[in-house]
Amino acid sequence: MPPKPHLLRTRKIWVDADACPTVIKDILYRAAQRTQTPVILVANQPIKIPPSPFIRTIRVSQGYDMADQEIVRQAQAGDLVVTADIPLAAEVMDNGVHVLNPRGERYTLDTIRERLQMRDFMETLRASGIDTGGPDALHQRHRQTFANQLDRWLNGR
């Protein structure tokens with residue numbers, strides 16, 4: 001049986017970099033060097049990155065969801081997208097892209113539907129004036145979970 005087309009090319013990691021925590025970017029930088037996996041950070045502002053042939057940035061113009069649109073345009077089946085943006089995650093997953101959020105949650109088609117519904121519900125609450133708060137702080141356990149899930153993806157599991 002011939003290899004799947006997405007396995008013939010180098011898989012890439014796409015990062016929704018404007019909101020990605022620095023500690024998560026640092027984990028990605030180390031993984032890029034260790035595994036020689038391309039990491040592309042997409043943002044609408046300059047991002048400082050370490051010198052590496054495996055790490056680069058794409059700067060998009062200012063505007064609503066410009067970075068998201070670039071990631072959707074370029075990410076291919078088998079790639080990984082790192083984002084906390086639920087609609088972006090859902091859109092790229094439709095194209096066979098894997099998604100991992102900065103807290104280490106690896107989305108599936110089932111969990112992304114649940115997340116979209118919860119996001120819409122919370123948005124409705126906020127629109128009616130209810131303070132829903134924000135996410136908890138990023139803890140060491142989130143960093144460890146992220147690193148573990150990233151390693152699983154890098155190792156093809």
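What does the accessible surface of the protein come to, and what percentage of it belongs to carbon and sulfur atoms?

Modeller: The model is predicted: local features need pLDDT of at least 70, side-chain atom pairs count only at pLDDT 80 or more, and totals for chains, interfaces and linings use all residues. Numbering runs from 1 along each chain as its sequence is written, and side-chain values use heavy atoms, with hydrogens and water left out.

The accessible surface comes to about 9400 Å², by the Shrake-Rupley method with a 1.4 Å probe and with only the protein chains shown counting as cover for residues. Carbon and sulfur atoms hold 51% of that surface. The protein has 157 residues, and 38% of them are buried (under 20% relative accessible area; over 50% is exposed, and in between is partly exposed; 1.4 Å probe, protein chains only).

Five helices and five strands make up the secondary structure. These are DSSP runs numbered from the N terminus: helices are H or I with at least four residues, strands are E with at least two. Along the sequence the pattern reads β-α-β-β-α-β-α-β-α-α. Take contacts (heavy atoms within 4.5 Å) with a separation of 6 or more: 53% join residues 24 or more positions apart.

Now α1. Start with Lys25, which lies in this helix. Is Lys25 buried or exposed? Lys25 counts as buried, because its relative accessibility is 11%. Beyond its neighbours within four places in sequence, Lys25 is in contact with Ala17, Cys20, Leu41 and Ile47. Leu41 is 16 residues away along the chain, and the two C-alpha atoms are 8.9 Å apart.

Next, the helix partner. α1 packs against α5 (residues 140–154) with axes 11 Å apart and an angle of about 30°. Axes here are lines fitted to C-alpha atoms, for helices over the stretch in contact, and angles run from 0 to 180 degrees between N-to-C directions. The two helices are therefore roughly parallel (under 35 degrees; over 145 is roughly antiparallel, 65 to 115 roughly perpendicular, the rest oblique). Their crossing is right-handed, meaning that the near helix is turned clockwise from the far one by less than a right angle.

From α1, the contact uses Val23, Ile24, Ile27, Leu28, Ala31, Arg34 and Thr35. From α5 come Arg143, Phe146, Ala147, Leu150, Asp151 and Leu154. By class, this contact has nine nonpolar, one polar and three charged residues. Nonpolar covers Ala, Val, Leu, Ile, Met, Phe, Trp, Tyr, Cys and Pro; charged covers Asp, Glu, Lys and Arg; the others, Gly among them, are polar. An α-helix has 3.6 residues a turn, so residues three or four places apart point the same way.

Gln36 counts as exposed, because its relative accessibility is 53%.

The axes of α2 (residues 66–74) and α3 (residues 86–93) come within 10 Å and cross at roughly 15°. That makes this pair roughly parallel. Its crossing is right-handed. Here Asp68, Ile71 and Val72 of α2 meet Leu88, Glu91 and Val92 of α3. This contact has four nonpolar, no polar and two charged residues. The buried residues of α2 are Ala67, Asp68, Glu70, Ile71 and Val72. Their cover includes β1 (13–16), β2, β3 (55–59), β4 (80–82) and α3.
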